[in-house]
Amino acid sequence: MNYRILLSALVILTLGFTLHTFHPASSTPGGNHTSDPKTKGEPFINTQNLYFPLTNTHSQTPEFAELDRMVRHFLDHWEVKGASLAIVKDGKLVYAQGFGFADQEKNIRVQPYHLFRMASVSKLFTAAGIMKLVEDGKLSLQDKVFGKTGILNDPAFQHIADPLALKIEVKHLLTHTGGWRNQLRKDPMFAPVEVAEVMQVPSPPSLETTIQYMLSQEGFFEPGTLYDYSNFGYCVLGKVIEKISGLTYENYLQKEILHPLGITRMAMTHNRYREKTPLEVRYYDHPKTPLNISCYGGPDSASRTYEGTHTEGLGAAGAWIATPVDVLKFLNAIDGRPNPKDILHKSTIIEMTTPQAEDSTGRYLLGWKSVDQEKWWRTGSLTGTSASLVRRTDGISWYFVTNTDSWRGPFFAYEIEAMMRRALHTVEHWPKYDLYDLQP
């Protein structure tokens with residue numbers, strides 16, 4: 001008999017038993033349940049086939065009963081198929097709950113281990129990657145991006161129609177002040193077929209081709225002088241990370257940001273449902289959402305949640321998928337609080353949350369959407385996805401994400417934030433346990 005194999009099997013069995021019967025000190029989330037009857041038979045595994053024990057039962061405690069009811073009512077009202085919510089209190093994960101369907105066609109209910117598109121919440125991760133390069137002395141926010149002395153000085157990017165593009169600095173891309181006028185022309189990251197036609201390449205075009213297309217345009221405004229939200233600018237930041245680090249954008253963030261925090265399941269989304277990552281949810285259009293031309297070209301109409309949007313092409317601006325549990329683990333590491341320890345320096349976190357220009361709207365931040373005396377906020381919106389990440393000044397942080405969009409579009413985040421503000425008021429006693437202790 002191979003005693004090493006036998007010993008390993010016993011360790012795995014013991015670990016599984018211990019984690020499923022784990023009782024936190026102050027209360028017992030989920031009681032003695034070992035599985036959610038709504039998802040009986042669904043494997044509790046992650047994409048690396050590692051044991052993943054955190055399920056809905058661990059957050060079904062009396063403290064959150066009214067919050068659960070309010071969230072379910074909210075989702076019913078807005079006709080959302082599925083959603084996932086996680087809450088951190090003073091650095092500890094106290095709540096992680098799925099609602100509705102991860103995949104209605106397959107009758108799979110959402111669990112905390114299901115992966116959701118993050119949309120523009122991805123930008124906060126990209127900003128953290130850039131600031132890590134700054135801390136390591138490999139990059140300056142004042143570095144020029146284009147031109148012969150710029151970071152992206154590749155021959156392919158030297159055909160620049162408007163000289164103002166030569167003034168673009170890394171900081172301008174982070175603060176959406178790079179000089180591109182989205183109000184005058186369509187966001188190129190949502191116009192792959194048009195870009196491909198102009199550049200005479202198959203659709204969808206590569207990011208390199210899209211950069212060439214944008215540099216061939218005129219009509220820039222002076223970089224740093226006007227805020228105009230730019231997905232393209234953050235995609236360029238992904239290319240900056242690749243050029244400076246020598247790694248792909250995804251691999252750099254995994255190596256320098258995610259894996260050191262124990263976040264191993266985040267990945268990039270795909271355009272087609274059949275190519276989705278294991279345990280990634282299915283995305284749903286709002287019932288009245290019109291079809292779109294496929295990003296792969298051709299006359300066929302396509303759902304905007306999949307081929308109708310070149311989601312893969314959003315890259316550093318909006319292509320990450322993650323669980324709310326992992327998103328809050330990342331937030332814990334850039335929230336400026338002492339526990340757990342931050343992955344970025346305190347001065348860097350202050351810089352990221354301090355407006356880089358005088359502006360009454362609280363914009364011009366590095367990665368964040370807005371910062372005020374009550375909260376730091378980052379939102380994300382795609383067809384089939386609404387996401388909201390909040391770090392409050394009272395020690396509470398939360399992340400809420402759906403697999404269905406709303407007729408409110410990007411403004412649905414305001415509905416989510418208002419509902420969560422009311423729901424959190426119903427929690428009178430916060431648990432002392434930390435559900436992160438359940439994770440392998």
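**A helix pair, a sheet and a loop**

Helix 2 passes helix 11 in a right-handed crossing, meaning that the near helix is turned clockwise from the far one by less than a right angle. This is a predicted model, in which local features need pLDDT of at least 70, side-chain atom pairs count only at pLDDT 80 or more, and totals for chains, interfaces and linings use all residues. Residues are numbered from 1 along each chain as its sequence is written, and side-chain values use heavy atoms, with hydrogens and water left out. Helices (H or I, at least four residues) and strands (E, at least two) are DSSP runs, numbered from the N terminus.

Stay with the helix pair. Two packed helices are described by the angle between their axes and the distance between the axes. Here helix 2 and helix 11 pack at about 155°, and their axes lie 9 Å apart. Helix 2 is therefore roughly antiparallel to helix 11. Angles run from 0 to 180 degrees between N-to-C directions, and axes are lines fitted to C-alpha atoms, for helices over the stretch in contact. Under 35 degrees counts as roughly parallel, over 145 as roughly antiparallel, 65 to 115 as roughly perpendicular, and the rest as oblique. From helix 2, the contact (heavy atoms within 4.5 Å) uses Leu67, Met70, Val71 and Phe74. Helix 11 brings residues including Phe412, Ile416 and Met419.

Seven strands form an open sheet in the order 3-2-1-12-11-10-9, with antiparallel pairing. Strand 3 (108-109) and strand 9 (370-371) are the edge strands, each pairing on one side only. Two strands pair if DSSP finds at least two bridges between them. Strand 9 joins strand 10 (residues 375-382) in the antiparallel sense over two bridges. Val371 stands opposite Trp376 in strand 10.

Both helices pack on this sheet. Helix 2 (65-77) touches strand 1 (82-89), strand 2 (92-103) and strand 12 (396-402), and its direction makes about 30° with that of strand 2. Helix 11 (residues 412-424) touches strands 1, 10, 11 and 12, and its direction makes about 135° with that of strand 12.

Last, the loop between helix 1 (3-20) and helix 2, where Thr61 is found. Glu63 lies in that loop too. Is Thr61 buried or exposed? Thr61 is buried, because its relative accessible area is 5%. Glu63, at 22%, is partly exposed. The cut-offs are under 20% for buried, over 50% for exposed and in between for partly exposed (1.4 Å probe, protein chains only). A polar contact of 2.9 Å joins the two side chains, Thr61 and Glu63. Such a contact is a pair of N or O atoms within 3.5 Å; within protein, one must be able to donate a hydrogen and the other to accept it, and residues adjacent in sequence count only if both atoms are side-chain atoms. Glu63 and His429 are 366 residues apart along the chain, yet their C-alpha atoms are separated by 6.3 Å.
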